[in-house]
Amino acid sequence: MEFKELFCTNCKKVVGRYNIKFYDEIKIAEVLNTTHSEHIKNGHHIVIRKFVKD
Ligand SMILES: [Zn+2]
């Protein structure tokens with residue numbers, strides 16, 4: 001299975017992991033702006049990484 005991992009470079013941790021089967025780019029951007037808006041408000045930088053798990 002392939003996931004998109006949201007990694008906050010300020011907190012240095014993964015804040016979310018989403019199965020690409022259910023979350024496309026648009027959906028992930030949406031989650032980023034809602035669920036993880038606190039990081040962004042605090043000026044944190046979140047990068048999207050690919051994560052593969054069997
Ligand atoms: Zn953060």
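Read from the N terminus, the elements of the chain follow the pattern β-β-α-α-β, a total of 2 helices and 3 strands. Helices (H or I, at least four residues) and strands (E, at least two) are runs assigned by DSSP and numbered from the N terminus. The model is a predicted one, in which local features need pLDDT of at least 70 and side-chain atom pairs count only at pLDDT 80 or more, while totals for chains, interfaces and linings use all residues. Residues are numbered from 1 along each chain as its sequence is written.

The C-alpha atoms of the chain fill a box of roughly 35 × 20 × 10 Å along the principal axes. The radius of gyration of the chain is 11 Å, which agrees with the value near 10 Å that a compact globule of 54 residues would have. This radius is taken over C-alpha atoms, and the globule rule is 2.2 Å times the number of residues to the power 0.38. Buried residues account for 2% of the 54 residues; a residue is buried if 20 or more other C-beta atoms lie within 10 Å of its own, exposed if 12 or fewer, and partly exposed in between, with C-beta atoms placed from the backbone. Of the contacts between residues at least 6 apart in sequence, 52% join residues at least 24 apart, a contact being two residues whose C-beta atoms, placed from the backbone, lie within 7 Å.

The strands come next. An open sheet is formed by 3 strands in the order β2-β1-β3, with antiparallel pairing. Two strands pair if DSSP finds at least two bridges between them. At the edges are β2 (13–19) and β3 (46–52), each of which pairs on one side only. Neighbouring strands of this sheet are turned by 30° against each other on average, direction ignored. Axes here are lines fitted to C-alpha atoms, for helices over the stretch in contact, and angles run from 0 to 180 degrees between N-to-C directions.

Strand β1 (residues 2–8) is joined to β2 by 6 bridges.

K12 has a positive phi of about 55° although it is not a glycine. With 7 C-beta neighbours inside 10 Å, K12 counts as exposed.

Y18 has its place in strand β2. Y18 is partly exposed, with 18 other C-beta atoms within 10 Å. Leaving out residues up to four places away in sequence, Y18 touches F3, K4, Y23, I28 and V31. The C-alpha atoms of Y18 and V31 are separated by 9.7 Å, and the two residues are 13 residues apart along the chain.
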